[in-house]
Amino acid sequence: MSVQDVHARVTRDNGWWAISVDEIPGLFSQARRLDQVEAMVRDAAGLLGFEVAGVEIVPTLDADTKEMLAELEQARRDAEEKRRAASNLTRQAIKRFRGEGLTLRDIASLVGLSQQRVSVLMKQ
C-alpha cells in the first residue's frame with residue numbers, strides 16, 4: 001500500500017523522540033535524534049505494508065520554544081537581507097572608486113576586502 005507524504009509527529013520523551021504518523025494507523029516508533037526520524041518512519045511504514053514518498057517532521061514544542069524558533073528564523077531572514085544590502089553597497093563602492101581611478105589596493109583597503117575579492121567583484 002502506498003501513501004504519498006506523511007507527517008511524523010515527534011515528541012521528546014525521556015531522551016528519545018516518540019514518533020507517530022496519523023496517515024498510517026498504528027505507526028509508532030522512536031528515534032534518538034531528529035535526523036533519524038525519517039528513516040525510522042520509512043522502516044516502520046514498510047513493516048506495516050506502506051511505502052511513503054515524503055516525510056515531514058512536525059515536532060511538538062511548548063509555546064516558549066515555538067516563539068524562540070520563530071524569532072530565530074526572523075533574525076536569520078533579517079541578517080540575510082542585511083548581508084545582501086551590504087553586498088550591493090560593496091559593489092557600488094567598488095564601481096565608484098574604480099571609476100574615480102583608485103587602485104585595486106586602495107579600493108581593497110577602503111572596503112575592507114582582499115585585493116583578490118575586489119578583483120572578483122569588479123568582474124561581476
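This is a predicted model: local features need pLDDT of at least 70, side-chain atom pairs count only at pLDDT 80 or more; totals for chains, interfaces and linings use all residues.

User: Where is Leu69 found?

Analyst: Leu69 is found in helix 2, residues 63-99. Helices (H or I, at least four residues) and strands (E, at least two) are DSSP runs, numbered from the N terminus.

User: Which residues make the nonpolar surface patch?

Analyst: Met68, Leu69 and Leu72 make a nonpolar patch of about 270 Å². Patch members have over 30% relative accessible area and no salt bridge; like charges are joined within 9 Å and nonpolar side chains (Val, Leu, Ile, Met, Phe, Trp, Tyr) within 5 Å. The areas come from the Shrake-Rupley method with a 1.4 Å probe, and for residues only the protein chains shown count as cover.

User: Now the inside. Which residues touch the most other members of the largest nonpolar core?

Analyst: Val6, Ile24 and Val41 do, in a core of 17 residues. Two or more residues each come from strand 1 (2-13), strand 2 (16-21), helix 1 (37-47) and strand 4 (51-59). A nonpolar core is a set of buried Ala, Val, Leu, Ile, Met, Phe, Trp, Tyr and Cys residues joined through side-chain atoms within 4.5 Å. A second, separate core has five residues, including Ile94 and Ile107.

User: And what does Phe97 touch?

Analyst: Leaving out residues up to four places away in sequence, Phe97 touches Leu102, Ile107, Leu110 and Val111, where contact means heavy atoms within 4.5 Å. Phe97 is placed in helix 2.

User: How many bridges join strand 1 to strand 4, and how many join strand 1 to strand 2?

Analyst: Eight bridges join strand 1 to strand 4, and these strands run parallel. Six bridges join strand 1 to strand 2, which run antiparallel. Two strands pair if DSSP finds at least two bridges between them. As examples, His7 has Glu56 in strand 4 as its bridge partner, and Ala8 has Val21 in strand 2.

User: What is in the turn of the hairpin?

Analyst: Strand 1 and strand 2 have two residues between them, and Asn14 in the turn has a positive phi of about 50°. Most residues other than glycine have a negative phi. Asn14 counts as exposed, at 72% relative accessibility.

User: Salt bridges next. How many are there in the whole structure?

Analyst: A search finds six, a salt bridge being a side-chain nitrogen of Lys or Arg within 4 Å of a carboxyl oxygen of Asp or Glu. In one of them, Arg9 pairs with Asp22, with the closest N and O atoms 2.9 Å apart. Arg9 lies in strand 1 and Asp22 in the loop between strand 2 and strand 3 (28-31), so the pair ties together parts that are 13 residues apart in sequence.

User: Which residues are linked in a network?

Analyst: Glu80, Arg83 and Arg84 are linked in a network of salt bridges. Glu80 and Arg83 meet at 2.7 Å, N to O. Being three residues apart in helix 2, Glu80 and Arg83 are separated by about one helical turn.

Key. Residues are numbered from 1 along each chain as its sequence is written. Side-chain values use heavy atoms; hydrogens and water are left out. Buried means under 20% relative accessible area, exposed over 50%, partly exposed in between (1.4 Å probe, protein chains only).
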